[in-house]
Amino acid sequence: MSQGYSIELYFDPALENQVLKAWNVLARRQISTQLIEIESRPHITLFSSSLFDPLKLENIVKNFAAKQEPLPLSFGSIGSLPSDSDTLFLAPTPTLSLLQFHLQLFDAMKKEGIEMGEEYRPDTWIPYCAVAEEVPTTRMGEAFTVLRDLKLPVAGYATDIALVEYPPLCEVFSFVLGNAIEL
């Protein structure tokens, strides 16, 4: 597997704990432990690629984060991705503020000459928070049933934005949203 990077949106502790609860229930049922094993953190991926310089991104993300405020999020539905990874996720309500946040990041990166791949462009991006990866096809129905028993919606705030390197998973930097830069 080649090295890559992703820009991730992290949650406040209460919302993060709600997502971790889903991870743990699926792990106890031995449906999926992948996210726990790789020491991931609950998040929404805003961008992912192996084709950019992480040092160049640091200033872009730092300046972007300083101009933002914590972002309200509400996860009200469960879904799966049509891919080989057999991923289950919680889907946030696609509010105008979430979509504008992503669009503003896209614009800031494009202004600096960084192009996003097709799946992360504003008109095709699907925001989600993975709760299980590599779910065996034979257990997909059971996993949906377990997740359906969660008390949705779960709500909170996105509070931080980070650059993560993978594999192995390692946070390169993170910034608190709305933390104004002192000159």
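**Entry 1: Glu-16 and its neighbours**

I began with the contacts of Glu-16, leaving out residues up to four places away in sequence, and found that Glu-16 touches Phe-11, Arg-41 and Pro-42. A reminder to myself before going further: this is a predicted model. I looked up where Glu-16 sits, and the place is helix 1. Is Glu-16 buried or exposed? The relative accessible area of Glu-16 is 16%. Buried means under 20%, so Glu-16 counts as buried.

Next I checked what the side chain of Glu-16 does. It makes a polar contact of 2.9 Å with the side chain of Arg-41.

**Entry 2: Over to Arg-41**

I followed that contact to its other end. Arg-41 is in the loop between helix 2 and strand 2.

I looked up the spacing of Arg-41 and Phe-11: they are 30 residues apart along the chain, and their C-alpha atoms are separated by 9.3 Å.

**Entry 3: Helix 1 against helix 5**

I stayed with helix 1 and turned to its packing. Two packed helices are described by the angle between their axes and the distance between the axes. I looked up both for helix 1, residues 13–28, and helix 5, residues 140–148. Their axes come within 10 Å and cross at roughly 140°. Angles over 145 degrees would count as roughly antiparallel, so at roughly 140° this pair is called oblique. I also noted that helix 1 passes helix 5 in a right-handed crossing.

Which residues meet there? From helix 1 I listed Ala-22, Val-25 and Leu-26, and from helix 5 I listed Ala-143, Val-146 and Leu-147. I sorted the residues of this contact by type and got six nonpolar, no polar and no charged.

**Entry 4: Helix 3 against helix 4**

Helix 3 covers residues 54–66 and helix 4 covers residues 96–111. Their axes are 10 Å apart, and they pack at an angle of about 140°. Helix 3 and helix 4 are therefore oblique to each other. The crossing of helix 3 with helix 4 is right-handed.

Helix 3 brings Leu-57, Ile-60 and Phe-64 to the contact, while helix 4 brings Phe-101, Gln-104, Leu-105, Ala-108 and Met-109. I sorted these as well: seven nonpolar, one polar and no charged.

**Entry 5: Gln-68**

Gln-68 touches Phe-101, Gln-104, Leu-177 and Gly-178, with residues up to four places away in sequence left out. Where is Gln-68? I found it in the loop between helix 3 and strand 3. Its relative accessible area is 11%, so I wrote Gln-68 down as buried.

Most residues other than glycine have a negative phi, and most peptide bonds are trans. I went looking for exceptions.

For phi, I noted Gln-30, with a positive value near 60°. Gln-30 is in the loop between helix 1 and helix 2, and at 66% relative accessibility it counts as exposed. Glu-39 also has a positive phi near 60°. Glu-39 is in the loop between helix 2 and strand 2, and its relative accessible area of 69% makes it exposed.

For peptide bonds, I noted a cis bond joining Leu-152 and Pro-153, with omega about 5°. Pro-153 is in the loop between helix 5 and strand 6. I found a cis bond joining Pro-167 and Pro-168 as well, with omega about -15°. Pro-168 lies in the loop between strand 6 and strand 7.

How values were computed:
Residues are numbered from 1 along each chain as its sequence is written. This is a predicted model: local features need pLDDT of at least 70, side-chain atom pairs count only at pLDDT 80 or more; totals for chains, interfaces and linings use all residues. Side-chain values use heavy atoms; hydrogens and water are left out. Axes are lines fitted to C-alpha atoms, for helices over the stretch in contact, and angles run from 0 to 180 degrees between N-to-C directions. Helices (H or I, at least four residues) and strands (E, at least two) are DSSP runs, numbered from the N terminus. Angles under 35 degrees count as roughly parallel, over 145 as roughly antiparallel, 65 to 115 as roughly perpendicular and the rest as oblique. A crossing is left-handed if the near helix is turned anticlockwise from the far one by less than a right angle, and right-handed if clockwise. Contact means heavy atoms within 4.5 Å. Ala, Val, Leu, Ile, Met, Phe, Trp, Tyr, Cys and Pro count as nonpolar, Asp, Glu, Lys and Arg as charged, and the others, Gly among them, as polar. Buried means under 20% relative accessible area, exposed over 50%, partly exposed in between (1.4 Å probe, protein chains only). A polar contact is a pair of N or O atoms within 3.5 Å; within protein, one must be able to donate a hydrogen and the other to accept it, and residues adjacent in sequence count only if both atoms are side-chain atoms.
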